Amino acid sequence: TFSTWTTPSEHAILGWNMFSKEVWWTIQILPWKHKILWTPLWDYIKIDQLATERNFYNESNKEVYIVTNQSYKDSNYNKFYNKDALVLGYRDLPDFFSQIENSVYASKEKKYIYAYWWDFDSLSHNHGIDSSELKRHFEQIDYWFELLSKKIEWTNTKIVVTADHGQLDIPKEKKIDVSKEFPGLVDMLSMPLSWEPRCQYCFVRTKENENFRKYVEEKMPHLCSIYSIEEIIEKRIFGFWRNKKFLERVGDYILVAKDNYALFHTFSNDWMYSDLGFHGWVTDWETLVPLIII
């Protein structure tokens, strides 16, 4: 969304895990891997076959700088969406803020700088939102952010800080493995659950379409709510417009976990099971993001 200025139903890049009709399986588009085989996607497809919206950078009359992690700044995903910008890689937190400062002072021309820091999200997933590790990291970010603000104080720069989602912690007893506890549901799927443990896309065998909803409503009402794709479109959860690839990738139904439950399908999601923090739906905690303007 930050790269294209379009809604998810327009750009159709729907999450870390996403079903791709082009590959006919769930993929991870950011690390550019097949979800189950862990093989690189370039064995199967080119990114311009997956991505439908171009970035807005080539339409801007300003210089565009992207500050991103050195380890993935040249990934297929980044090269596609950032191809019309100057991409700068950072190694650690001080380097991240240094690259932003250098971009501000790179020229006197008007410019747009997009910088993304990922460790706060990673620590939230691994240690939880109330962890000492996360609080300590927040203090480090606050220190360097204040320093940056002072260093560029007289440069006629506007700083906007926000995030793509909030997060909430999931206790172990509320992590539900549907493949073990609800095998009848799994039998009705044409492929494994395909998105996030808090909000799972369901691709259902055609002959089981009506039975699937009934099963969820009768056996899982305490765990989740179920919405058809038609209901999701009507509620405009993903935005006002949509394209064909969005409809292909969102499935037949969506299971939305209640309270702080999380739904796992170990065939496809067991690598996430040890995490503490999760997101993916529209509860207060999962949509609580900062908006700081200086």
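Biologist: What should I know before we start?

Modeller: This is a predicted model, where local features need pLDDT of at least 70, side-chain atom pairs count only at pLDDT 80 or more, and totals for chains, interfaces and linings use all residues. Residues are numbered from 1 along each chain as its sequence is written, and side-chain values use heavy atoms, with hydrogens and water left out.

Biologist: Happy with that. How many helices and strands does the protein chain have, and what counts as one?

Modeller: The protein chain has 13 helices and 15 strands. Both are DSSP runs numbered from the N terminus: helices are H or I with at least four residues, strands are E with at least two.

Biologist: What makes the protein chain as compact as a globular protein of that length?

Modeller: The radius of gyration, taken over C-alpha atoms, is set against the globule rule, 2.2 Å times the number of residues to the power 0.38. For 294 residues the rule gives 19 Å, and the protein chain has 20 Å, which is close, so it is as compact as a globular protein of that length. Its C-alpha atoms fill a box of roughly 65 × 40 × 35 Å along the principal axes.

Biologist: Why is Ala 12 called buried?

Modeller: Buried means under 20% relative accessible area, exposed means over 50%, and partly exposed lies in between, with a 1.4 Å probe and protein chains only. Ala 12 has 0% relative accessibility, so Ala 12 counts as buried. Of the 294 residues of the protein chain, 46% count as buried.

Biologist: And which class does Trp 5 fall into?

Modeller: Trp 5 has 61% relative accessibility, so Trp 5 counts as exposed. Trp 5 is found in the segment before α1 (8-11), while Ala 12 sits in the loop between α1 and β1.

Biologist: How is Tyr 227 classed by its accessibility?

Modeller: Tyr 227 has 21% relative accessibility, so Tyr 227 counts as partly exposed. Tyr 227 lies in strand β11 (residues 224-228). Contact means heavy atoms within 4.5 Å; leaving aside neighbours within four places in sequence, the residues Tyr 227 touches include Ile 232, Asp 252 and Trp 281.

Biologist: What about Asp 95, buried or exposed?

Modeller: Asp 95 has a relative accessible area of 11%, so Asp 95 is buried.

Biologist: Now the sheets. How do you know that β1 and β2 pair?

Modeller: Two strands pair if DSSP finds at least two bridges between them. β1 and strand β2 (residues 25-28) have four bridges, in the antiparallel sense. Asn 17 has Gln 28 as its bridge partner in β2, and Phe 19 stands opposite Thr 26.

Biologist: Which strands stand at the edges of the sheet they form?

Modeller: The open sheet has the order β1-β2-β3 with antiparallel pairing. β1 (17-20) and β3 (33-34) stand at its edges, each with a single partner strand, so one side of each is left without a neighbour in the sheet. In β1, Asn 17 and Phe 19 point one way and Met 18 and Ser 20 the other, and all are buried.

Biologist: How is the sheet of β5, β4 and β6 arranged?

Modeller: That open sheet of three strands has the order β5-β4-β6, with parallel pairing. Five bridges join strand β4 (residues 63-69) to β6, with Ile 66 opposite Tyr 114 in β6.

Biologist: Last one: why are α5 and α6 called roughly antiparallel?

Modeller: Axes are lines fitted to C-alpha atoms, for helices over the stretch in contact, and angles run from 0 to 180 degrees between N-to-C directions. Angles under 35 degrees count as roughly parallel, over 145 as roughly antiparallel, 65 to 115 as roughly perpendicular and the rest as oblique. Helix α5 (residues 119-127) and helix α6 (residues 132-151) pack at about 170 degrees, with axes 9 Å apart. That makes α5 roughly antiparallel to α6. The residues making the contact include Phe 120 and Leu 123 of α5 and Phe 138 and Ile 141 of α6.
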